Amino acid sequence: VPVQDLLENPSADSPMKEKILFIQEVKRYGEEDLGLKRTKSYTTFFEAEGPILHVITACEKDRFRLRTWTFPIAGEVTYKGFFTQEDADREKRSLEGEGLDTFVQSVCAYSTLGWLKDPIYSSMLTWSHAALANVILHEMTHATIYFSGETAFNEQVATFIGNRGAIAFLSGRYGADSKEVREAVQIQEDDLLFSKWIDQSCEQLSSLYASGLPREEKLREREKVFQSLKEDFKGIKEQLKTDTYKGLEKVGLNNAVLMSYRQYLHGLERFEALHEDCSRDLRKVVQSLKEMRRSDQ
């Protein structure tokens, strides 16, 4: 449904209209202030029941090598999305039959890289302003800066722009001391804290996988490492300020779980350094990454 129809509908509730208008503001900020690509995304509304997409990640058990899938335009990608839980579960069984670790996550937004008009999903309207601004800018970044075949780098760029962009936008809209900005900062801080735990976990397991132990012994030993990591996470959980990663303790750890998170969060400090080099001007960061993208073509 065109969002304008909802905004002009007197029976549509005010909180829904407020969130839709808020998304339009974030979109304008991304386009006009950050230089993100102008698209017709978020000009339509879709009433969704449950998750929009179920995304599966698969990884070898004795090393951090992700399964990849190849698609037109997107190139080689290290995850695969399904619109139904049944299809995702079928793929999960097939991959596990090949001896791979798997991890299925449900998501409430995704980007078609600017090729289609991505809608506002009804589930988005339940999110806080900080989370909503972050996700919209994250997905807009995908439509602007996308390196074919470089899933991890693309996600890390979008995570950084989403985090920093949300803080800057909300500071201008609500003020630097507002609860909206505090939440946006907490989201970024949790990403950085959790990324350190993920990196340390992967380093510990990489040492095991690189050892000269027989494969079966590596697989037995890794279960001890996973159990130790779950205990370590309890200490990290107490430091987290948002609920973004707290659900991890309910997930059975494996290589696919760790890598699915790591490809979004690894090396965020690289972009912080670029941010400093660009005089903390996020538009210059976007321009620098766009130039990098053009030189890569």
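Biologist: In which helix is the place of asparagine 134?
Modeller: This is a predicted model, where local features need pLDDT of at least 70, side-chain atom pairs count only at pLDDT 80 or more, and totals for chains, interfaces and linings use all residues. Residues are numbered from 1 along each chain as its sequence is written, and side-chain values use heavy atoms, with hydrogens and water left out. Helices are DSSP runs (H or I, at least four residues), numbered from the N terminus. Asparagine 134 has its place in helix H4.

Biologist: Is asparagine 134 buried or exposed?
Modeller: Buried means under 20% relative accessible area, exposed over 50%, partly exposed in between (1.4 Å probe, protein chains only). Asparagine 134 has a relative accessible area of 10%, so the residue is buried.

Biologist: Which residues does asparagine 134 touch, not counting residues up to four places away in sequence?
Modeller: Contact means heavy atoms within 4.5 Å. With that sequence exclusion, asparagine 134 touches Gly162, Asn163, Ala166 and Ile187.

Biologist: How many of the 16 residues of H4 are buried?
Modeller: H4 is largely enclosed by the rest of the structure.

Biologist: Are H2 and H4 parallel, perpendicular or oblique to each other?
Modeller: Axes are lines fitted to C-alpha atoms, for helices over the stretch in contact, and angles run from 0 to 180 degrees between N-to-C directions. The axes of H2 (residues 14-32) and H4 (residues 129-144) come within 10 Å and cross at roughly 45°. Under 35 degrees counts as roughly parallel, over 145 as roughly antiparallel, 65 to 115 as roughly perpendicular and the rest as oblique. H2 and H4 are therefore oblique.

Definitions and conventions. Helix = DSSP H or I, 4+ residues; strand = E, 2+ residues; numbered from the N terminus.
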